[in-house]
Structure formats: C-alpha cells, structure tokens
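Hi,

Here is the structure I promised to pass on. Have a look, and my notes follow below.

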Amino acid sequence: MNCNNAIREISSYIDGELEVSLRIELEEHFRECEDCAIVVRQTQLTVQIYCNDQPVELPGEIRSRLHESLKRRIHKSK
Amino acid sequence: MQCATLNVGTSFGPINSAALTNRLLAKNPKLSAPTPDRLPSKIAREDEPLLVKAAKSGDATAFEELVNRYESKIFRLTMNITRNREDAEDSMQEAFLKAYSHLNTFKEDSRFYTWLVRIAANEALMRLRKRRPNQVSLDEPIEGEDDFIPREVQDWGPSPEQRYAQSELHEILDQVIDQLDPDFRTVFVLRDIEELSTEETAQAMGISVPAVKSRLLRARLKLRQKLDRFLRDRKPN
C-alpha cells in the first residue's frame, strides 16, 4: 500500500468501517510510515476536538424571538 | 467515529423537566419503561419519546421542553452551515415551526433529534444556496484527482485541547471551519458534530452515500491541514 491509498482510507479507518484485511494492511503501513501515522492521529484528534467543542449558549434575544414566534404559532393552531 | 462526550442541551425557562416527565408518565403508564437501547443517541434523553407523544397530542409544554433541550444545538448547526447569524436564526426558527406543524408526520421509530436536525439542515442549506448560489452544488459528488498526500507533516506535540483555554480553542476551531468549502463543512457538521449516520446525512443533503463518504474524507483531511497550519503559525516560542 502506498501513502496516497492509505490516506484515502483514513476516514473509513477511523470510523471502524474497513474490512479486517484492509485494516491490517493499513496498520502495517502506519507502522512503516511515520507521516501517515501522524496524519491519522491528527485527523482523529481534529474530529474529537470539534466533537468536544461545546455549543455556544444561544443568545438571549434570539431565544426570546424563537419562543415568541412559537407561542404565536401554537396560539394560532389552537 | 462518534463524539465521546456531547452536550445534551440545557433546559431553562420555567419548565421543570423532571416534574414534566413524571406528569407524562402518570398519564401514559404504558410508556413507563423507556430503555437506553431504544435510544441509540447519547444526545437523546430517555424521556424524549414521552415528550414527543405528549407534544403530538397537543401538549404545548412538552413541545417547549423539546425546544429548550435542542435550541442551542440547532443554532450551532445552522450557524455552522450558514456562517451567518441572521440566516442561522431564521433557519432555526423555521425548523422549529415546521417541526411543530408537521409533528404528526414524525415516525417515532427514529430519533426526534435526528428528524429535527434534518429539517434544520435543509433550512440552513436553502438559505446558503440563496445567498451563495454559485458556491454550493449539492447534487453531484465531488470527484477529482487530488493528491491526498499531506506535505511537511509534523507532530502537534501537546494536544490543542491542552495548549489552549476552552474559549480560545473555540475561536480557533471557528476560524478554521469557516475556511472550509460549504459542501465539505455541511457533511462534516452533520456527520461528525451532530452524529447523523452516513445514510441520514445523505438523506438530509439530498446526495448519495458515496458522495457523503467522499466529502467527509476531504472535509476531515482539509480541517486537519487547516488546523495544522493554524497551530504552526501560533506555535508558542
């Protein structure tokens, strides 16, 4: 396996979607190629960091407008 | 890959969530045993099916509790897709109004949150297409003979989460994702941040499963690359 092919499989690899034989081949490549090993680690970390980033609290005025508009809709449908 | 920890949303306002659940359970004894395996998402709480049933039967307080629970996350989603506060607010508002109006069409064999995300993503994408019609073409998979091999790879050392305070890191992530092409960004947001499955993402965006996979790969690699550049530029002395 060359680096280009390995990088193409990174996404499926970190999602655990690869067939066993391909995963083993890929992991062999990562052991031999430090650059690809770094890229897979950093890609995993990138996804994880975005996952951990907490949503910003909804600004109060936007929340008020949302709830006002919902109240109007609910009132209208009754 | 799934998020290890996710915010479940904040319940605020006058609703007492536990009291509401108890009231709904008392009214619906048949629904008194929601089990975790019926709710695959870490986002959904166990009482969500009760709230949905109550909201469907006209309980406005139950619907309000669902709104309280997910409004911050839905706003983050629409902000991430549109990158425009006005469009994000309009998309979020329209999504909740549509969810309320079409609640009876929601099939309870899937997660309410996933259904809501689909509606909100569609609203946000529609506004993004209107604002930037030449930049978004979501019907064709993005193909190309890109060279995937990253250049000048260097280890990051301590994780960005260890190097920066939460608020500073949030700003960095915001700037980095902002540079991503909308096609890539939307797939990344739906799949990795909002935890939709590949199939659900494909359905929400109106593209094929292979197109989702292709865009997700490129999105993740591009984000890594952009984050890498950012971290190198800001490397402490």
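Which residues have the most contacts inside the largest nonpolar core? They are B:Leu116, B:Ala120 and B:Ala121, in a core of 64 residues. By nonpolar core I mean a set of buried Ala, Val, Leu, Ile, Met, Phe, Trp, Tyr and Cys residues joined through C-beta atoms within 7 Å. Buried means that 20 or more other C-beta atoms lie within 10 Å of a residue's own, with C-beta atoms placed from the backbone.

Before going on, the housekeeping. This is a predicted model, where local features need pLDDT of at least 70, side-chain atom pairs count only at pLDDT 80 or more, and totals for chains, interfaces and linings use all residues. Residues are numbered from 1 along each chain as its sequence is written, while chains are lettered from A and ligands numbered from 1 in the order in which they are written.

Chain B has 10 helices and 0 strands (helices are DSSP runs of H or I, at least four residues, and strands are runs of E, at least two, numbered from the N terminus). Of its 237 residues, 41% are buried.

Now to helix H5 of chain B, residues 112–131. Because 14 of its 20 residues are buried, H5(B) is largely enclosed by the rest of the structure. B:Ala121 touches B:Leu77, B:Ile81, B:Leu190 and B:Ala204, leaving aside residues up to four places away in sequence; contact here means C-beta atoms, placed from the backbone, within 7 Å.

H5(B) also packs on helix H9 (residues 198–205) of chain B at about 35 degrees, with the axes 9 Å apart (axes are lines fitted to C-alpha atoms over the stretch in contact, and angles run from 0 to 180 degrees between N-to-C directions). On the H5(B) side, B:Thr114, B:Arg118, B:Ala121 and B:Asn122 meet B:Glu200, B:Gln203 and B:Ala204 of H9(B). That set divides into 2 nonpolar, 3 polar and 2 charged residues; Ala, Val, Leu, Ile, Met, Phe, Trp, Tyr, Cys and Pro count as nonpolar, Asp, Glu, Lys and Arg as charged, and the others, Gly among them, as polar.

And the interface? 41 residues of chain B are in contact with 35 residues of chain A. H10(B) gives the most to chain B's side, with 9 residues, and that side has 23 nonpolar, 6 polar and 12 charged residues. Over in chain A, the buried residues of helix H4 (residues 34–52) include A:Cys36, A:Val39 and A:Tyr50. Their cover includes H1, H2 and H3 of chain A together with H7, H8 and H10 of chain B.

Cheers

Conventions: Buried ≥ 20, exposed ≤ 12 C-beta atoms within 10 Å, placed from the backbone. Contact = placed C-beta atoms within 7 Å. Expected span 1.5 Å × (residues − 1).
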